[in-house]
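Trainee: I have a model open and some labels to check. Can we go through them one by one?

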Amino acid sequence: MARLEILISGAGIAGCTLAYWLTRNGYSVTVVERSGSLRSSGSPVDVRGPAVDVTERMNIASCLREVSIHPKGMTLLDSGGRRVARVDIAALRSSIAPKDMEIARGDLARILHEASANDADYIFGDSIKALTQNELGVDVIFERSRPRRFDLVIGADGLHSIVRRLAFGADSLFVQHAGLYAATISLPGSSDGEGEMFMLNTPGKLAALHPCQGVPLAYFIFWHPEIPEFDYTDLNQHKSILDRTFAGIGWRVPEFLDAMRVARDVYFDSVARVDVAKWARGRIALLGDASSCVSLFGDGSTLAIAGAYELAKSLMESPADPQGAFSRYQAVHSKLVASKQKNLISTASRIVPRTSAGIWISTRVFWRTMGGLGSVVRLARKLRGK
Ligand SMILES: Cc1cc2nc3c(=O)[nH]c(=O)nc-3n(C[C@H](O)[C@H](O)[C@H](O)COP(=O)(O)OP(=O)(O)OC[C@H]3O[C@@H](n4cnc5c(N)ncnc54)[C@H](O)[C@@H]3O)c2cc1C
């Protein structure tokens, strides 16, 4: 039997993981990525539980651990930049979830890509333009490459998936703005000797600094109703929105805005939920944020990695029945997704309180409780001699 040819749209976290497992299972895989190269921006993301198991099976867990980030603590600042509360992240993490990893998104994408780069055919700087399917295959027209026919097409192209738009319907049917926008910017040349995260809240806004690994990252998160003219690809528009929204805030925010003005790769997007009732239509299926985004505070990367593994496993179990495989993949993976999606708004409200009263409550309830917990864990570890 000829090797099935599968096209994956998107060389992100989900797409690269899927490419690894499909090539390993004997499929011929092409990955088309809109960007000219792998994108390096984005905040650190968590690789947790089921995704850690998948990376261990891929033999990349040790590479990921080498580049993983270990912030010591998370300090809350008041509007003048003074420290008001602290959580001992290192202690909490090592006792609650010692195998979980925090990794710069760019490093995670690079390592996942390297794992499949020799076996899958990666096309950068291109995108699918049209899709037509029948019971035998999917005809694909690209923006640049020559048209081709594939057995299956997987949309792993994120929140703004072109595969979803072409094969399932307009974004408005599936994408719901969660009320926030988020941006991250690397601060090259900046140093951070403390290994500490800093967060400053003003009503409805959060500016933060993450130590990353030598190249600290500035975060901007803010509540805002959907901006009708928002274009997730328009860097100049992003810069002027951030400039406007964070003007007049103290601490290191003016320095972050300066870095943002000259940055060439800024991650800026709306925080959104994606809900697609059925993740497959015929020979075309969706994966990762394209099917079920939980962006920002959810576990988008964990879900992307775990979902890719589940999809590849289902296809392997019934290669001649892709529709059956797609249904099994959704039946299993949607349970994990649902458990994460429901926490989005409550987590957002805790981390970015909308009012001064909300900041006051969050400082006293959330921060002080977590801070106390961290101290107890650290003390217990000391007593146990660890
Ligand atoms: C550059 C970048 C930075 C990010 N930073 C953060 C962050 O700071 N915080 C956070 O919570 N989440 C961030 N995310 C989203 C996060 O990576 C995902 O929520 C999560 O990892 C799920 O992964 P995914 O593979 O489904 O989607 P993604 O990781 O978003 O990957 C989707 C991929 O598809 C590509 N793509 C998009 N459109 C097309 C197209 N038409 N044709 C071909 N390829 C296409 C994208 O360039 C990207 O490489 C970021 C995503 C990107 C792309």
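**Labels and their cut-offs**

Trainee: Why does Tyr219 count as buried?

Mentor: Its relative accessibility is 13%. Buried means under 20% relative accessible area, exposed over 50%, partly exposed in between, with a 1.4 Å probe and protein chains only. Tyr219 therefore counts as buried. This is a predicted model: local features need pLDDT of at least 70, side-chain atom pairs pLDDT 80 or more, while totals for chains, interfaces and linings use all residues. Residues are numbered from 1 along each chain as its sequence is written, and side-chain values use heavy atoms, without hydrogens and water.

Trainee: Which residues does Tyr219 touch?

Mentor: Contact means heavy atoms within 4.5 Å. Leaving out residues up to four places away in sequence, Tyr219 touches Ser43, Pro44, Ala183, Thr184, Leu206, Ala207, Ala208 and His210. The C-alpha atoms of Tyr219 and Thr184 are separated by 4.6 Å, though the two are 35 residues apart along the chain.

Trainee: Why are α2 and α10 called oblique to each other?

Mentor: Their axes cross at roughly 55° and come within 8 Å. Under 35 degrees is roughly parallel, over 145 roughly antiparallel, 65 to 115 roughly perpendicular, and the rest oblique. So α2 and α10 are oblique.

Trainee: What makes the contact?

Mentor: Pro50, Ala51, Val54 and Arg57 of α2, with Thr302, Ile305, Ala306 and Tyr309 of α10.

Trainee: Which residues of α7 are buried?

Mentor: Gln237, His238, Lys239, Ile241, Leu242, Thr245 and Phe246. Their cover includes β12, β14, β15, α8 and β16. Tyr219 has its place in β15.

Technical notes. Axes fitted to C-alpha atoms, helices over the stretch in contact; angles between N-to-C directions. Helix = DSSP H or I, 4+ residues; strand = E, 2+ residues; numbered from the N terminus.
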